[in-house]
Amino acid sequence: MRVKTLGQFIIEKQADFQYAKGELSRLLRDIGIAAKIVNREVNKAGLVEILGETGETNVQGEKVKKLDVFANEQFIAALKAGGECCAIASEENEEIIPIDSEVSKNAKYVVAIDPLDGSSNIDVNVSVGTIFAIYRRITLKGGGKNEDFFQRGTEQIAAGYIIYGSSAMLVYTTGKGVNGFTLDPSIGEFCLSHPNLTIPKNGKIYSVNEGNYLHFPDGVKKYIKYCQAEDAATSRPYSSRYIGSGVADIHRNLILGGIYIYPTTTKSPKGKLRLLYECNPLAFIIEQAGGKATDGVKRILEKEITELHQRTPLFIGSEEMVDKAMEFLKASVALESK
Ligand code: P6P
């Protein structure tokens with residue numbers, strides 16, 4: 001089969017993208033360049049002095065890993081150089097990074113990014129990922145501002161993730177389906193490997209950190225017990241698969257079918273995952289692949305966003321599994337309100 005690179009694919013699909021020719025190509029090119037550099041370092045982790053912690057903690061109060069900082073710097077540098085982006089919101093930065101330079105004076109887009117999700121897994125050689133969301137800017141000129149990012153997930157014009165695993169894969173959508181590209185290191189190109197990705201309507205995998213079970217809402221507890229019950233007709237008990245790297249868990253569930261849940265816990269009363277640069281892009285991708293994503297009550301993509309690092313509970317994956325989990329949550333709330 002003739003190899004089709006990411007660049008060739010985007011040009012071919014240009015008609016799918018309602019905005020001016022070439023802009024999305026350059027944005028995804030810039031992201032792809034940084035992803036290749038990050039992948040090279042992730043692959044060397046363990047051999048070079050890039051493991052371990054910087055001794056700092058980030059805006060989330062989490063220990064910063066050296067590769068977090070490196071990845072963040074690479075994506076910021078690539079987007080600044082590419083000229084299509086007028087501001088970046090990153091998990092690693094408390095405030096947005098406005099970009100107002102000669103090369104970006106006509107920039108029409110802003111990018112929200114989690115440069116290295118699941119970084120606690122780096123030192124133990126488990127897959128990690130980058131998640132990104134792309135919006136049209138709302139402000140008219142100069143460097144972008146917060147309001148350019150305070151748009152509902154439905155306003156995303158593109159979203160994607162890169163998973164640095166047994167191979168490096170870039171998966172993205174512009175609202176016309178989901179396509180996956182695998183990095184061929186011999187030519188340094190992301191090549192189309194998973195056209196028209198769709199998530200099975202049902203599945204047999206549930207992904208949740210059951211260590212928090214005692215502090216889950218009652219409806220979540222009941223759904224987990226449903227997953228564990230014996231019922232051959234519905235292929236239960238399901239398998240529990242949770243590796244602590246959301247991109248890897250959600251990517252596996254996209255391919256095989258399954259549900260990923262990060263509900264409220266006592267430690268994370270509003271949920272742990274961030275709406276802007278984790279849940280919205282992942283929800284856009286999973287919905288475009290035929291799945292669902294809610295916060296337990298509301299569609300993720302319709303949630304109001306008022307803070308850059310706003311957190312939300314997340315139920316995402318196969319449509320029928322998310323619907324079933326919502327049934328348990330709704331029944332439990334109804335019971336409590338009696
Ligand atoms: P816990 C990584 O920090 C992350 O945001 C997701 O990628 C991952 O699924 C989750 O948090 C892991 O969190 O609390 O289960 O260790």
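Colleague: Which residue forms a salt bridge with R152, and how far apart are the closest N and O atoms?

Modeller: The model is a predicted one. The partner of R152 is E304, and the closest N and O atoms of this salt bridge are 2.4 Å apart. Side chains of opposite charge can pair when their charged atoms come close.

The domain assignment divides the protein chain into domain 1, residues 6–194, and domain 2, residues 205–337. Their C-alpha centres are 24 Å apart. Domain 1 brings 48 residues to the contact, and domain 2 brings 32 residues.

The size of an interface is often given as the accessible area lost when the parts come together. Here the area buried between domain 1 and domain 2 comes to about 2900 Å², and carbon and sulfur atoms give 63% of it.

Residue pairs in polar contact between the two domains number 15, counting pairs with both residues at pLDDT 80 or more. On the side of domain 1 that touches domain 2, the elements giving two or more residues are the strands β3 (85–90), β5 (109–117), β6 (128–136), β7 (158–164) and β8 (168–173). By kind, the residues on that side of domain 1 are 22 nonpolar, 18 polar and eight charged.

For context, a search of the whole structure gives 19 salt bridges. One of them joins E84 to R26, with the closest N and O atoms 2.4 Å apart. E84 sits in the loop between α3 (66–82) and β3, while R26 is in helix α2 (residues 23–44), so this pair ties together parts that are 58 residues apart in sequence.

The whole structure also holds eight aromatic pairs. F9 and F181 form an edge-to-face pair, because their ring centres lie 5.1 Å apart and their planes stand at 70°. F9 belongs to helix α1 (residues 6–12) and F181 to strand β9 (residues 178–184), so the pair ties together parts that are 172 residues apart in sequence.

Conventions: Residues are numbered from 1 along each chain as its sequence is written. Side-chain values use heavy atoms; hydrogens and water are left out. Domain bounds come from an automatic or database domain assignment. Contact means heavy atoms within 4.5 Å. Buried area is the accessible area (1.4 Å probe) that two parts lose on being put together, summed over both. A salt bridge is a side-chain nitrogen of Lys or Arg within 4 Å of a carboxyl oxygen of Asp or Glu. A polar contact is a pair of N or O atoms within 3.5 Å; within protein, one must be able to donate a hydrogen and the other to accept it, and residues adjacent in sequence count only if both atoms are side-chain atoms. Helices (H or I, at least four residues) and strands (E, at least two) are DSSP runs, numbered from the N terminus. Ala, Val, Leu, Ile, Met, Phe, Trp, Tyr, Cys and Pro count as nonpolar, Asp, Glu, Lys and Arg as charged, and the others, Gly among them, as polar. Rings of Phe, Tyr and Trp (its six-membered ring) pair if their centres lie within 6.5 Å; planes under 30 degrees apart count as stacked, over 60 as edge-to-face and the rest as tilted.
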